[in-house]
Amino acid sequence: MQTTSTILMIEPVCFGFNEQTAANNYFQQNDNAQTSEIQANALKEFQNMVILLRKCGVNVIVVQDTAEPRTPDSIFPNNWISLHDGGLIAIYPMFALNRRQERSIEIIKSVENQGFNIIDIYDFSASENDGKFLEGTGSMVLDRVNRRAYAALSERTNEEILLDFCEKFNFTPVIFNAMQTVGEKRLPVYHTNVVMSVGDDFAVVCLQSIDNKDERNLLIKSILQTQKEIIEISQEQMHNFAGNMLQIENTKGEKLIALSLTAYNSLDDNQKRALGKYGTLLPVAIDTIEKYGGGSVRCMMAEVFCN
């Protein structure tokens, strides 16, 4: 299955701008706002998103973060854990030191306590010792049905660890480089899931970010081989998190597409109509989370496929 009706989300207690991740996440912004104000606003946005998802029939497992250790990015659990069919879990190596503290056996137990069977855990985190990282479904956008793992290489997406994951979980890697303009330079986009999103029968992708023509054509070919419609977004729309959306479903099997209000407002009418064929659009306002965290709606949801 490509979509699930069960989502794991982590309620923040100390959300804020993370200087360690800002080293290569150029979507983050910082100002002089009080940390308590940022946390309060982020918590309200988080809770509103949970309310919306549950109202639409999605099973949301919420686990509250702890004050210690301080983990300002814990709201983005999909970077350290992915939960797969057959009760398999992957644990990932993280670029930022303070993000490595997000990994928690208690969170895994919380999923088990909801009746999901966890049979085996593949832990890739030891590669941090070699300076090699792979940040979950941030680094990889998974076509679970066609077993393809789309990955834009960066400091946070190491090809060697990617290939190891693909071998263990039976995915074929589709590797490319995605770039963004920072000042006068073209620099790697930190995570693949801000470049593209894959659903049952569609793929949203910022082709403009792939400077290498051969890599761009390879990506297009792979998507079309799986009979998905390509919905292209611009680099400006990518910077408004239009690539960071996720197709999910509710407990009735009805398809939904979760995205931020920022992303939704950046799309034109044709793009909205194209997406609307594949699910009800669920825009949610998370301006604070996007501004300081440099991530959006998809990053906040770890899909639960364990059965």
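A residue counts as buried here when its relative accessible area is under 20%. Keep that cut-off in mind as we walk through this model, which is a predicted one.

Let's start with strand 1, residues 6-11. Thr 6, Leu 8 and Ile 10 sit on one side of the strand, Ile 7, Met 9 and Glu 11 on the other, and all of them are buried. In a regular strand, side chains alternate between the two faces of the sheet. Here both faces of strand 1 are covered. Six of the six residues in strand 1 are buried, so the strand is largely enclosed by the rest of the structure.

What does strand 1 pair with? One partner is strand 2, residues 59-64, which runs parallel to strand 1 and is joined to it by six bridges. If you want a spot to look at, find Glu 11, which stands opposite Gln 64 in strand 2. Helix 1, residues 35-55, belongs with these two strands: strand 1, helix 1 and strand 2 make a right-handed β-α-β unit. Strand 1 also pairs with strand 17, residues 302-303, this time antiparallel and through two bridges. There, Leu 8 stands opposite Ala 302.

Strand 11, residues 196-198, runs antiparallel to strand 12, with three bridges joining them. The two form a hairpin with three residues between them, and Met 196 stands opposite Val 205. Strand 12 is also joined to strand 13, residues 229-232, by four bridges, and that pair runs parallel. Val 204 has Ile 231 as its bridge partner in strand 13.

Our last stop is an open sheet of three strands in the order 3-4-5, with mixed pairing. Which strands are at the edges? Strand 3 (81-84) and strand 5 (120-123) are, since each pairs on one side only. On average, neighbouring strands of this sheet are turned by 20° against each other, direction ignored. Strand 4, residues 88-91, pairs with strand 5 in the parallel sense over four bridges, and the bridge partner of Ile 91 in strand 5 is Asp 123. Helix 4, residues 159-169, packs on this sheet and touches strand 3, strand 4 and strand 5. The direction of helix 4 makes about 175° with that of strand 4.

Notes. Residues are numbered from 1 along each chain as its sequence is written. This is a predicted model: local features need pLDDT of at least 70, side-chain atom pairs count only at pLDDT 80 or more; totals for chains, interfaces and linings use all residues. Side-chain values use heavy atoms; hydrogens and water are left out. Buried means under 20% relative accessible area, exposed over 50%, partly exposed in between (1.4 Å probe, protein chains only). Two strands pair if DSSP finds at least two bridges between them. A crossover is right-handed if, with the strands pointing away from the viewer, the path from the first strand over the helix to the second runs clockwise. Axes are lines fitted to C-alpha atoms, for helices over the stretch in contact, and angles run from 0 to 180 degrees between N-to-C directions. Contact means heavy atoms within 4.5 Å.
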